[in-house]
Amino acid sequence: MTDPVPAGYPMLSPYLSVDGAAAAMDFYCDVFGFSRRGDVMTAPDGRIGHAELVLGSSLLMLADEWPEAHSLSPATIGGSPVMLSIYVADVDAVYAAALAAGATGVREPEDEFYGDRMGAIVDPWGDRWSIACHIEDVDPEEMARRAAAAMGG
């Protein structure tokens with residue numbers, strides 16, 4: 001029997017539709033540290049139909065917009081309610097690199113009560129990213145205390 005999940009694929013993978021997939025791939029590799037995996041499938045008109053990027057055990061799939069298949073980018077539809085979360089070794093450096101590469105800052109990095117340092121951006125294609133680094137293990141009692149303080153008591 002064939003495994004329903006192909007070898008080398010996680011059970012859940014984000015798939016982004018972007019207006020400018022080639023440039024987005026460069027951004028994700030340069031800023032976040034993704035690597036390209038496999039061949040990029042390109043349509044006769046030059047649009048990228050499918051590409052895969054890996055980061056550790058994570059997989060990000062992406063393609064150019066295909067309006068005829070109702071696959072539109074956040075920039076085309078006015079934004080996205082989805083936020084992608086990524087852990088990195090140096091939040092401040094990645095946040096700065098993202099801004100330098102054309103992203104819009106949403107939230108500057110800061111230490112959070114739950115033990116992460118976190119910031120947020122919107123990339124040049126309209127996708128929202130939470131960028132974090134785990135800086136402290138917080139036990140459940142301390143987490144509850146900090147959460148209550150952070151939420152106003």
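Trainee: What does the secondary structure of the protein chain come to?

Mentor: In this predicted model, the protein chain has 4 helices and 8 strands, and from the N terminus on the elements follow the order β-α-β-β-β-α-β-α-β-β-β-α.

Trainee: And what box do the C-alpha atoms fill?

Mentor: Taken along the principal axes, the C-alpha atoms of the protein chain fill a box of roughly 60 × 45 × 25 Å. Of its 153 residues, 37% count as buried, and among the contacts between residues at least 6 apart in sequence, 50% join residues at least 24 apart.

Trainee: Let's go inside, then. Which residues of the largest nonpolar core touch the most other members?

Mentor: That core holds 29 residues, and the ones that touch the most other members are F27, Y28, F32, F34, L62, I121 and W129. The elements giving two or more residues to this core are the strands β1 (15-18), β3 (48-55), β4 (58-64), β5 (83-87) and β8 (128-134), together with the helices α1 (21-32) and α3 (91-100).

Trainee: Which element gives the most to this core?

Mentor: That is α1, which gives 8 residues to this core.

Trainee: OK, you listed W129 there. Where is W129 found, and is it buried or exposed?

Mentor: W129 is found in strand β8, and it counts as buried because its relative accessibility is 2%, where the cut-off for buried is under 20%.

Trainee: What does W129 touch, leaving aside residues up to four places away in sequence?

Mentor: With those neighbours left out, W129 touches L16, Y28, F32, F34, L60, M83, L84, I86, G119, A120, I121 and D123. Among these partners, Y28, F32, F34 and I121 are also listed with W129 as residues that touch the most other members of the core.

Trainee: Switching to the helices: how do the axes of α1 and α3 cross?

Mentor: The two axes come within 9 Å and cross at roughly 150°, and since angles over 145 degrees count as roughly antiparallel, α1 and α3 are therefore roughly antiparallel to each other. The crossing of α1 and α3 is right-handed.

Trainee: New topic, backbone angles. What is the phi of H70?

Mentor: H70 has a positive phi of about 60°, although it is not a glycine. It lies in the loop between β4 and α2 (74-77), and it counts as exposed because its relative accessible area is 72%, the cut-off for exposed being over 50%.

Trainee: How far is H70 from L84?

Mentor: The C-alpha atoms of H70 and L84 are separated by 21 Å, and the two residues are 14 residues apart along the chain.

Trainee: And S85, where does S85 lie, and is it buried or exposed?

Mentor: S85 lies in strand β5 and is exposed, with a relative accessible area of 61%. From C-alpha to C-alpha, S85 and H70 are 25 Å apart in space, while in sequence they are 15 residues apart.

Conventions. Residues are numbered from 1 along each chain as its sequence is written. This is a predicted model: local features need pLDDT of at least 70, side-chain atom pairs count only at pLDDT 80 or more; totals for chains, interfaces and linings use all residues. Side-chain values use heavy atoms; hydrogens and water are left out. A nonpolar core is a set of buried Ala, Val, Leu, Ile, Met, Phe, Trp, Tyr and Cys residues joined through side-chain atoms within 4.5 Å. Buried means under 20% relative accessible area, exposed over 50%, partly exposed in between (1.4 Å probe, protein chains only). Contact means heavy atoms within 4.5 Å. Axes are lines fitted to C-alpha atoms, for helices over the stretch in contact, and angles run from 0 to 180 degrees between N-to-C directions. Angles under 35 degrees count as roughly parallel, over 145 as roughly antiparallel, 65 to 115 as roughly perpendicular and the rest as oblique. A crossing is left-handed if the near helix is turned anticlockwise from the far one by less than a right angle, and right-handed if clockwise.
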